[in-house]
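Here is a colleague's note for someone meeting this structure for the first time. Please read the points below with the sequence and the model side by side.

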Amino acid sequence: MTTRDTATWITEALHGSFRSSYRADRVLFDTETGQQRLVLVDNAIFGRMLSLDGVTQVTERDEFIYHEMLTHVPMLAHGQARSVLIIGGGDGGILREVLRHPDVEQATMVEIDAGVVDFSRQWLPTVSDGAFDDPRLNLVIADGAAFVRDTRDRFDVVIIDSTDPIGPGEVLFTDSFYGHVQRLLNPGGVVVTQNGVPFLQGDELAGTMRAFRALFQVATCYLVTVPTYVGGPMALGFGTDNTDLLNVTEAELAARLARLDFAPGYYSPAVHRAAFALPRYVEKLVEPD
Ligand code: SAM
C-alpha cells in the first residue's frame, strides 16, 4: 500500500537543473521583508531553516560549521583583529563568532534587510545567541556596496557573509565592491567571502578570484563542507597582502584559539590549515592555467 505524502516540501532551486528539498514539518513564516522573500520552516533533521528568495541561508543544526570557518580562519590567521566589518550576516551567526575574540573592540555589521535581523533575533535566537546586544556591535542597515564605497573607517578583517549573487546580493560580487573593500583594509588585513559550492557555482568563485588576483598578493580560497549547501565543499574566498597569514603554524593557531573561551564544533587548527588544500578542479578556478 502506498501512502500519500501530505507533508509540505520546500525545494531549493538555486542550481537550475539540480534541486534539493526539505520536508517542512511546520511552515512558521512565509513573508516578504520588502527586500526578499523570507521563509522559516521546521525540519526534523536541520531544525529551523531560514531561506531568502528560495535559497537556504541558515539552519539551527549545521550553522556552526559555516559560521566557525568563515570567522575563525581569518581572525586566528590575523591574530590581533580589533576592528571587524561584516557585510550581510543578518542572522547574527558570524557576529556571534566574531565577538568571541577578546581583542575585538568593534564589530560593524552592514545588513541591507532589517527584517532579517529582527526576524532572526526572535525566531532563530540560538544563532545570534545574544550577540546583537553586545556593546561592541555597530549595526548599520544599508547596502554593503554603498557602505564600503562611502565609509572612512578601516578594518583588520572583512567578512562578506552575503546571499548568492542574486537579488540584493549581486552587488557584493563585483570588482568595484572588492576594490572598495581592499581600500578599507588596515595594513596586514584580510577579507573572506562566501563563494558558494564550486562544483555547481564555479563561475562565482572564478569571478571573485579574478578580482582578488588584481587586488591582493594572496588570492585563494579554503573549503568547508556544510550539509545544507549541497553539491560538494563550499569555497570561502581569502584575500590579503599579508603573505604570513597562510603560514601561521598549527601550534600558533592553537595558542590563539586557547584565548577564546569556547570549544568549536568544526574548527580546529589542523582543519584550518587543511582547508587550504584544494582539489585540482578548485585550484583551476582559483588560478586558471
Ligand atoms: N550563510 C548564508 C549563505 O552562506 O548563503 C548567508 C547568510 S546571511 C542571512 C546573508 C545576508 O546577506 C542576508 O541577511 C541578506 O539580507 C544580506 N544581504 C544581501 N545583499 C546585501 C547587500 N547588498 N548588502 C548588505 N547585506 C546584504
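With which residue does Arg210 form a salt bridge, and how far apart are the closest N and O atoms? The first point takes this up, and the later ones move on to other features.

1. The model is a predicted one, and the place to begin is the pair just asked about. Arg210 forms a salt bridge with Asp175, and the closest N and O atoms of the two are 3.1 Å apart. This pair links distant parts of the chain, with Arg210 in helix α7 and Asp175 in helix α6 (residues 175–183), at a separation of 35 residues. Arg210 is partly exposed, with a relative accessible area of 43%, and Asp175 also counts as partly exposed, at 42%. Salt bridges with shared partners also join Glu63, Arg96, Glu97 and Arg100 into one network.

2. A second pair to look at is Asp103 and Arg259, whose side chains meet in a salt bridge with an N to O distance of 3.0 Å. Arg259 counts as partly exposed because its relative accessibility is 47%.

3. The loop between α2 (93–98) and β8 (106–111) also holds Glu105, and Arg82 forms a salt bridge with Glu105 in which the closest N and O atoms are 3.6 Å apart. Arg82 is in the loop between α1 (63–78) and β7 (83–88), so that this pair, too, links distant parts of the chain, the two residues being 23 residues apart. The two partners fall into separate accessibility classes, since Arg82 counts as partly exposed at 36%, whereas Glu105 is exposed with a relative accessible area of 55%. Under the rule applied to this model, the count comes to 16 salt bridges. As background, side chains of opposite charge can pair when their charged atoms come close.

4. By class, the lining of the largest cavity has 16 nonpolar, 16 polar and 6 charged residues.

5. Among the open spaces, the largest pocket has a volume of about 210 Å³. Its lining is made up of 14 residues, and those that lie nearest its centre are Ile10, Thr11, Val39, Ser51 and Gly54. Four strands, β1 (8–15), β3 (26–32), β4 (37–43) and β5 (47–52), each supply at least two residues of that lining. Sorted by class, the residues lining the largest pocket are 7 nonpolar, 4 polar and 3 charged.

6. On the surface, Phe18, Phe199, Leu200 and Tyr281 form a nonpolar patch that has about 380 Å² of accessible area together. Leu200, one of these four, is found in helix α7 (residues 198–215), and Leu200 counts as partly exposed because its relative accessibility is 32%.

7. Two aspartates deserve a look at the backbone. Asp53 has a positive phi of about 50° although it is not a glycine; Asp53 lies in the loop between β5 and β6, where it counts as partly exposed at 34% relative accessibility. Asp129 likewise has a positive phi of about 50° without being a glycine, and Asp129 is found in the loop between α4 (125–128) and β9 (137–141). At 55% relative accessibility, Asp129 counts as exposed.

8. For a sense of distances in the model, consider Lys284, which is found in helix α10 (residues 280–286) and is partly exposed, with a relative accessible area of 45%. Lys284 and Asp118 are 166 residues apart in sequence, and from C-alpha to C-alpha they are 40 Å apart in space.

Notes
Residues are numbered from 1 along each chain as its sequence is written. This is a predicted model: local features need pLDDT of at least 70, side-chain atom pairs count only at pLDDT 80 or more; totals for chains, interfaces and linings use all residues. Side-chain values use heavy atoms; hydrogens and water are left out. On a 1 Å grid over the protein atoms alone, a cavity is a set of points where a 1.4 Å probe fits but cannot get out, and a pocket is an open set with protein on both sides within 12 Å along at least five of seven lines; lining residues have an atom within 4 Å of a point. Grid points are joined across faces, edges and corners, and a volume is the space filled by probe spheres set on the points. Ala, Val, Leu, Ile, Met, Phe, Trp, Tyr, Cys and Pro count as nonpolar, Asp, Glu, Lys and Arg as charged, and the others, Gly among them, as polar. Patches are made of residues with over 30% relative accessible area and no salt bridge: like charges are joined within 9 Å, nonpolar side chains (Val, Leu, Ile, Met, Phe, Trp, Tyr) within 5 Å. Accessible areas come from the Shrake-Rupley method with a 1.4 Å probe; for residues, only the protein chains shown count as cover. Buried means under 20% relative accessible area, exposed over 50%, partly exposed in between (1.4 Å probe, protein chains only).
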